[in-house]
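Here are my notes on this model, as numbered points. Please read them with the coordinates open.

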Amino acid sequence: MDFSIATELYPDDYWYRSDAYLNIEPELDLVQVIQQLHGSLDPRTVFACFGKILGQYLPVKGLQLILDKQKFVWGRHYGIELKRTINDNQDTFTIAYQLSAPLSSSQKKTLGQLESILIQPLNNALKYQNMSNQAMFDALTDLGNRYYYRQAIDIALARANRQQGKVSLIVLDLDKFKQLNDAYGHKVGDYVLVGFAALINQAIRNTDQAFRIGGDEFVIITQGGVNAAAIVCQRIIDMMPKHSELTEYNIQCSLGIAESLPQQQAENIYERADKAMYCAKAAGRNCFRISAI
């Protein structure tokens with residue numbers, strides 16, 4: 001008689017063994033889980049913490065959530081896919097799980113318990129992120145605001161002072177913007193500002209940062225010396241005729257560049273770039289100039 005078939009597992013045997021394995025797993029400490037999930041106000045950190053907790057109790061190897069144009073990912077992206085929808089009174093989340101093995105009925109119950117705990121800390125983190133963004137970004141253009149700029153330029157100059165690379169500042173100003181507002185009204189002015197902000201975002205590199213610090217005044221923190229900043233400035237000037245929001249009202253801009261000096265403060269580099277920008281206006285506008293010192 002061939003006894004080898006006795007070692008094969010039938011479907012019922014698989015679920016029996018899975019339940020038996022579950023009995024030796026550590027008991028789920030919901031209080032500790034709640035404390036861990038509420039330990040951060042960064043939504044990505046909360047999501048990653050949720051993934052790590054799942055991995056301690058369940059055969060979950062990865063998970064993914066797309067919410068409000070944000071993509072949250074943790075772990076590996078292969079295995080058995082399981083999609084589940086989490087509902088509360090206000091929001092609905094759909095999470096895609098990657099499993100190393102199917103879940104038993106008791107494991108699904110555990111997953112449901114953990115999912116119900118995730119909603120509040122994730123919502124809290126998302127609300128905090130939104131409030132932070134409102135405090136750091138200009139509501140009209142979605143560029144960084146003056147407050148964010150002050151933080152970013154201090155960090156950039158500190159890195160430059162530690163000799164971790166050169167930093168330059170570009171100051172941009174729309175030519176004759178006041179006359180545009182007077183002639184067409186602030187609605188048209190806002191339309192132009194939004195279009196110009198979109199142009200700047202297209203022109204800068206991933207390592208650069210753009211801000212609207214007031215009215216029609218913008219600044220760009222560029223990684224590199226004046227040559228790198230000059231390339232960005234020329235790119236902006238070349239792109240102006242290609243944007244209908246700007247050509248419709250014959251909008252041009254003037255730009256000034258200043259490279260950071262050793263131990264220079266934020267106010268000093270801004271003043272130098274601003275003076276260079278006014279030199280560009282005096283030279284006929286629609287051009288850029290570089291600070292001599």
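Is Tyr148 buried, partly exposed or exposed?

1. Tyr148 is partly exposed, at a relative accessible area of 22%. The classes are buried under 20%, exposed over 50% and partly exposed in between, with a 1.4 Å probe and protein chains only.

2. Some ground rules. This is a predicted model, in which local features need pLDDT of at least 70, side-chain atom pairs count only at pLDDT 80 or more, and totals for chains, interfaces and linings use all residues. Residues are numbered from 1 along each chain as its sequence is written, and side-chain values use heavy atoms, with hydrogens and water left out.

3. The structure holds six aromatic pairs (ring centres of Phe, Tyr and Trp, the latter by its six-membered ring, within 6.5 Å; planes under 30 degrees apart are stacked, over 60 edge-to-face, the rest tilted). Tyr148 and Phe211 have ring centres 5.5 Å apart and planes at 85 degrees, so they pair edge-to-face. Tyr148 sits in helix H5 (residues 146–161) and Phe211 in strand S6, so the pair ties together parts 63 residues apart in sequence. Helices (H or I, at least four residues) and strands (E, at least two) are DSSP runs numbered from the N terminus. Phe211 is buried, at 1% relative accessibility. Tyr148 and Phe211 also belong to one aromatic cluster with Phe137 and Tyr149.

4. Phe196 and Phe218 form another edge-to-face pair, 5.1 Å centre to centre with 75 degrees between the planes. Helix H7 (residues 186–203) holds Phe196 and strand S7 holds Phe218, so this pair ties together parts 22 residues apart in sequence. Phe196 is buried at 0%. Phe218 is buried at 0% too.

5. Now the sheet. Five strands form an open, mixed sheet in the order S6-S7-S5-S8-S9; strands pair if DSSP finds at least two bridges between them. S6 (209–214) and S9 (288–290) are the edge strands, each pairing on one side only. The twist averages 20 degrees from one strand to the next. S6 and S7 (residues 217–223) pair antiparallel over five bridges. Phe211 stands opposite Val219 in S7.

6. Helix H8 (residues 226–239) packs on the sheet, touching S5, S7, S8 and S9, and its direction makes about 170 degrees with that of S8. Axes are lines fitted to C-alpha atoms, for helices over the stretch in contact, and angles run from 0 to 180 degrees between N-to-C directions.

7. Ile237 lies in H8. Ile237 is buried, at 11% relative accessibility. Beyond neighbours within four places in sequence, Ile237 contacts Leu255, Asn286, Cys287 and Phe288 (heavy atoms within 4.5 Å).
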